[in-house]
Amino acid sequence: MPGDARPARSSKRSGTRPAATAARPPTKTRTPTKTRTRATQRAVVEAEQRSRSAELVHLPNAIDLDDDRPVEPPPRRGDVDEWGRSEHMREIARRVYDPVYRHWFRAEWEGLDKIPSEGGALLVSNHAAAIPSDAPVIMHGIETELNRPVYGLADYFFRHVPVVGTMWSRLGGLPAHPDNAYRLLREQGQLVLVFPEGTKGTSKLVGERYQLRRFGRGGFVEIAMRAGVPVIPIAVVGAEESMPIVARLPTIARSIGVPYLPITANMLAFGPLGAGIYFPAKFKLRVLDPVHFEVPADQERYSKSRVMDESERIRSMIQDALFDMVRRRRSVWFG
Amino acid sequence: MSPHNVRRVLVTGLGSFWGGRVAQALERDPNVEVIVGLDTEEPHVELERTEYVRVDANYSILAKIVRATRVDTIVHTFLIVDPTQMSQRAMHETNVIGTMNLFAAASAPDSTVRNVVVKSATAVYGCTPEDPTWFTEDTPPSRPLRRPVERSLDQVESYVRDFAEDNPHVVVSLLRFSNVIGTEIITPLTRALELPVVPSVWGFDPRFQFVHEDDVVRSILYVLRSNLSGVYNVAGDGLLPWTEVATLCGKLTFPLPPLGTSELLWPFKRAGVVDLPEEYLNLLRFGRGVDNRKLKSAGFGFRYTSAGAVQAFVEATRLRRTLGDHEPAYRYERDVEQFFRHSPAVVRDPG
C-alpha cells in the first residue's frame with residue numbers, strides 16, 4: 001500500500017521505506033508482508049537500496065568520513081606556549097631587568113645548586129613588598145643562572161588588569177590553580193614558583209616584616225605530593241625593604257575591588273612616582289634543602305594531618321632561615 | 001547481528017547546522033537503517049533518506065514519535081550555544097524544555113532507546129580569570145555560572161546526568177565542543193574574524209582553542225560507533241593567542257576599551273556590524289582551554305589542531321571572496337530525485 005498514510009503504531013513492520021520526502025508528517029508506508037523478521041526486512045531494504053543506487057544520483061560527499069589523516073597545521077606565528085609564556089618576551093624582559101637584578105638589588109644566591117637542573121620541582125618562598133619584588137628576582141635569577149624556565153603561580157587578580165595581566169602571563173605567570181601546577185610539575189617537569197602566603201604576605205605592614213603569615217591551607221604540599229616532586233624552600237631577604245607598606249586603605253581597596261591598597265614608604269619618599277620605584281635593598285636568597293615526601297604520586301587524597309604538618313615544617317624552615325639571615329645582615333642596603 | 005550494528009536514529013535539530021550534517025553523515029552509513037530528523041524548520045542541507053518531522057521547539061509530542069519509530073539511538077544536536085541566534089526565552093525553551101521532553105520520551109517504560117549522544121559546549125565551564133589553563137571533564141566551573149547560555153547548557157547537562165543515572169542500560173555520551181570554526185559554519189567569532197579589523201579587548205590577549213566542524217561531526221559518529229559513554233571534551237590541540245588568530249587571518253586587531261565594552265558595541269550591534277555577546281567578550285578577556293586527551297585516549301583522532309582549524313577557515317574565506325558563495329559542480333535536484341525514489345509512477349523493479 002504505498003502512499004497509504006496511516007499513523008504508525010507497531011514496530012515490527014514499520015520503516016521499510018528507506019527514504020521519504022522531506023517536510024512530510026510522520027507517516028509510515030508498509031510492506032504487505034506481515035511475517036518478515038527485521039533481518040529479512042533489512043536484507044530487502046539493502047537490496048532495494050543497491051538496485052536503486054544504480055540509477056540514482058547520490059549527494060556529493062559533504063565530509064569525507066573515511067579520511068582521518070591529520071591535516072598539517074600552519075606554522076605558528078608566535079611563540080606563546082599553552083600557559084601564555086613567550087620566550088621572546090622573556091628574552092626582552094631579561095635584557096631590561098638584568099641591570100635591576102645586578103645593580104639595583106644586587107641579588108646574591110646561596111645554595112643554588114640545590115635546584116635540580118631537570119625534572120619538576122615546586123619552589124616555595126616568602127612573599128613581600130607592596131608590588132612583590134621577590135617573584136621577578138627569583139625567576140630571573142634561576143633563568144639566567146640555571147638556564148631553566150620558571151613558571152610563577154599568582155593570584156588570579158592579575159588577570160583582571162589589562163596589559164598587566166597579559167604581560168604577567170607572557171613572562172611566565174599563571175593563575176594558581178591546582179590543575180595548572182599539577183600539569184606543569186608532573187607532566188612537563190617544569191620548575192614552578194609559588195608563594196603560599198599569597199596577598200597576606202605582600203600586604204604586611206613594615207612592622208611585621210619577616211614574620212611569615214599562614215601558608216594557605218597546605219595546598220602546595222598536596223600538589224607536590226600528587227605530582228611526586230620535591231618542594232624546594234627559598235628564603236628571601238631584601239624584598240620586605242624594597243617597598244614597605246606604612247598604611248593600608250581597606251575601604252577604598254574593597255570599593256575598587258583590589259586585594260589591598262597600600263601607602264608605601266616609596267610613595268612618601270618619591271611622591272606619586274614611588275608607586276613604581278623600589279628602594280635599592282640588598283637581596284639575599286638562600287635555597288634550603290629540598291623536601292621529599294616519600295608518598296606515592298597521583299593519589300586521590302593525602303592525609304590532611306600529614307599535609308598540614310609538612311606545610312608547617314616548610315614554613316618554619318623558611319622562617320628560621322629568615323631569622324638567621326636577618327641576624328647576619330649588617331645593613332639593609334649593603335647586606 | 002547484534003542490535004547495536006543496525007541502528008534507527010533520531011536526530012534533533014535537523015534544520016540546524018549540526019543536525020543536518022550529522023544526518024548527512026549517517027545516511028552514508030549502511031548500518032543505519034532509519035534516520036528521523038526533528039526540527040521546527042526544514043533542513044537546510046540536502047538529505048537523501050532522512051525522514052523529516054516538523055515539531056514545535058520543545059518537542060511536546062516526542063514520546064509518540066519515539067514510540068512509533070522505535071528508534072534506538074538519539075543524537076541530540078539541537079542545543080543553542082550561540083546567544084545571538086535567538087532570545088533568551090526561546091533558547092530556554094529549546095535547550096532546557098526540549099531536552100527535558102526528549103529524555104522524558106526516551107525514558108518511557110517501553111522505550112527502545114539504547115544510545116544517546118548530546119552535543120553540549122565548553123561554555124558550561126564558564127569563563128573567569130580564576131580558570132585553570134586546561135579544563136578536564138571533571139573540573140567544575142570556577143564561579144557559579146551567570147550567563148544564560150552557560151546556565152541553560154548546565155541545566156541540560158544535569159538532565160543528561162539524571163537520565164544516565166536512571167537508565168543504566170542506555171549508553172549516554174555528552175560531548176562538549178570548543179569554539180567551532182571551519183569552512184561553512186558562522187558563529188559570532190567567525191563573523192568577528194571576517195571584519196576588516198578583528199575586535200579585541202584592550203590590554204588582553206587570551207588564548208583560544210578551536211575545533212574544526214568536520215571533527216565535530218566525526219566525533220559524534222565516532223562516539224556512536226564505538227558506544228562510548230561519559231563526558232568528553234572535543235577541541236583541537238593547542239591554544240592560540242587571539243592576536244595570533246587575527247594574524248593567521250591576515251588582519252590586525254582593533255582594541256575595544258576594557259570598560260563599558262558591551263555598551264560601546266551596542267550601536268554596532270544594532271547596525272549589524274558586530275555582535276559579540278557578553279560570553280564572547282569574556283572569552284576575549286580570559287580565553288578558555290579544555291583538555292581533549294580523554295577522547296583521544298578513547299581512540300579518536302582529531303584531523304585539525306586549533307591552528308589548523310583556523311587555517312581551514314581562512315582558506316575557505318579566501319575562496320568565498322574570490323568565487324562568491326561557490327556552488328558545488330554538481331547540483332542535486334531534490335525534487336527530481338525524490339520523484340525517482342518515491343513516485344509509484346517510476347518502474348522500480350525492471351527484473
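## Chain A overall

A residue counts as buried if 20 or more other C-beta atoms lie within 10 Å of its own, with C-beta atoms placed from the backbone. By that criterion, 35% of the 335 residues of chain A are buried. The model is predicted.

Chain A contains 12 helices and nine strands. Of the contacts in chain A between residues at least 6 apart in sequence, 73% link residues at least 24 apart.

## The sheet of chain A

Seven strands of chain A form an open sheet with mixed pairing, in the order β1-β9-β6-β2-β5-β3-β4. Its edge strands, β1 (108–110) and β4 (173–175) of chain A, each pair on one side only. On average, and with direction ignored, neighbouring strands of this sheet are turned by 25 degrees against each other. Strands of a sheet pair through backbone hydrogen bonds, either parallel or antiparallel.

Strand β3 (residues 150–154) of chain A runs parallel to β4(A), and three bridges join the two. In this pairing, A:Leu153 is placed opposite A:Leu174 of β4(A). Helix α8 (residues 219–227) of chain A packs on the sheet, where it touches β2 (121–125), β5 (191–194) and β6 (231–237) of chain A. The direction of α8 makes about 165 degrees with that of β2(A). Helix α12 (residues 304–328) of chain A lies across β2, β6 and β9 (284–287) of chain A, at about 30 degrees to β6(A).

## Strand β2 of chain A and A:Ser125

Five of the five residues of β2(A) are buried. Both faces of the strand are covered, with A:Ala121, A:Leu123 and A:Ser125 buried on one side and A:Leu122 and A:Val124 on the other. Four bridges connect β2(A) to β5(A), and these two strands run parallel. A:Leu122 has A:Val192 as its bridge partner in β5(A). β2(A) is also joined by four bridges to β6(A), again in parallel.

A:Ser125 belongs to strand β2 of chain A. This residue is buried because 25 other C-beta atoms lie within 10 Å, and the cut-off is 20 or more. In β6(A), A:Ile234 stands opposite A:Ser125. Leaving aside neighbours within four places in sequence, the contacts of A:Ser125 are A:Asp134, A:Ile138, A:Leu193, A:Phe195, A:Ile234 and A:Val236.

## Helices α2 and α3 of chain A

Two packed helices are described by the angle between their axes and the distance between the axes. For helix α2 (residues 87–104) and helix α3 (residues 134–146) of chain A, the axes come within 11 Å and cross at roughly 110 degrees. α2(A) and α3(A) are therefore roughly perpendicular to each other, since angles of 65 to 115 degrees are classed that way.

On the α2(A) side, the contact is made by A:Arg94, A:Tyr97 and A:Tyr101. α3(A) contributes A:Pro136, A:Val137, A:His140, A:Gly141, A:Glu143 and A:Thr144. By class, the contact has four nonpolar, three polar and two charged residues.

In soluble globular proteins, nonpolar side chains tend to be buried together. The largest nonpolar core here has 102 residues, and those with the most contacts inside it are B:Val9, B:Val22, B:Ala106, B:Leu175 and B:Ile220. Helix α6 (residues 213–225) of chain B supplies the largest share of this core, seven residues. Apart from neighbours within four places in sequence, B:Ile220 is in contact with B:Val22, B:Val75, B:Val117, B:Lys119 and B:Leu175.

Another core, of 59 residues, lies apart from it and includes A:Tyr151, A:Met243, A:Val307 and A:Ala321.

Helix α9 (residues 278–286) of chain B is largely enclosed by the rest of the structure, because seven of its nine residues are buried. These are B:Glu279, B:Tyr280, B:Asn282, B:Leu283, B:Leu284, B:Arg285 and B:Phe286. Their cover includes α4 (157–160) of chain A, along with α4 (148–166), α5 (188–193), β8 (198–201) and α7 (242–248) of chain B. B:Gly287 follows α9(B) and has a positive phi, near 65 degrees.

B:Leu256 is part of strand β13 (residues 253–256) of chain B. With 21 other C-beta atoms within 10 Å, B:Leu256 is buried. Its C-alpha atom is separated by 5.5 Å from that of B:Trp202, 54 residues apart along the chain. Not counting residues up to four places away in sequence, B:Leu256 touches B:Pro199, B:Ser200, B:Val201, B:Trp202, B:Thr261, B:Leu264 and B:Leu265.

Terms used. Residues numbered from 1 in each chain as written. Chains lettered and ligands numbered in written order. Predicted model: local features only at pLDDT ≥ 70, side-chain atom pairs only at ≥ 80, totals over all residues. Buried ≥ 20, exposed ≤ 12 C-beta atoms within 10 Å, placed from the backbone. Contact = placed C-beta atoms within 7 Å. Pairing = 2+ DSSP bridges. Axes fitted to C-alpha atoms, helices over the stretch in contact; angles between N-to-C directions. Parallel < 35°, antiparallel > 145°, perpendicular 65-115°, else oblique. Nonpolar A, V, L, I, M, F, W, Y, C, P; charged D, E, K, R; others polar. Core = buried A, V, L, I, M, F, W, Y, C linked by C-beta atoms within 7 Å.
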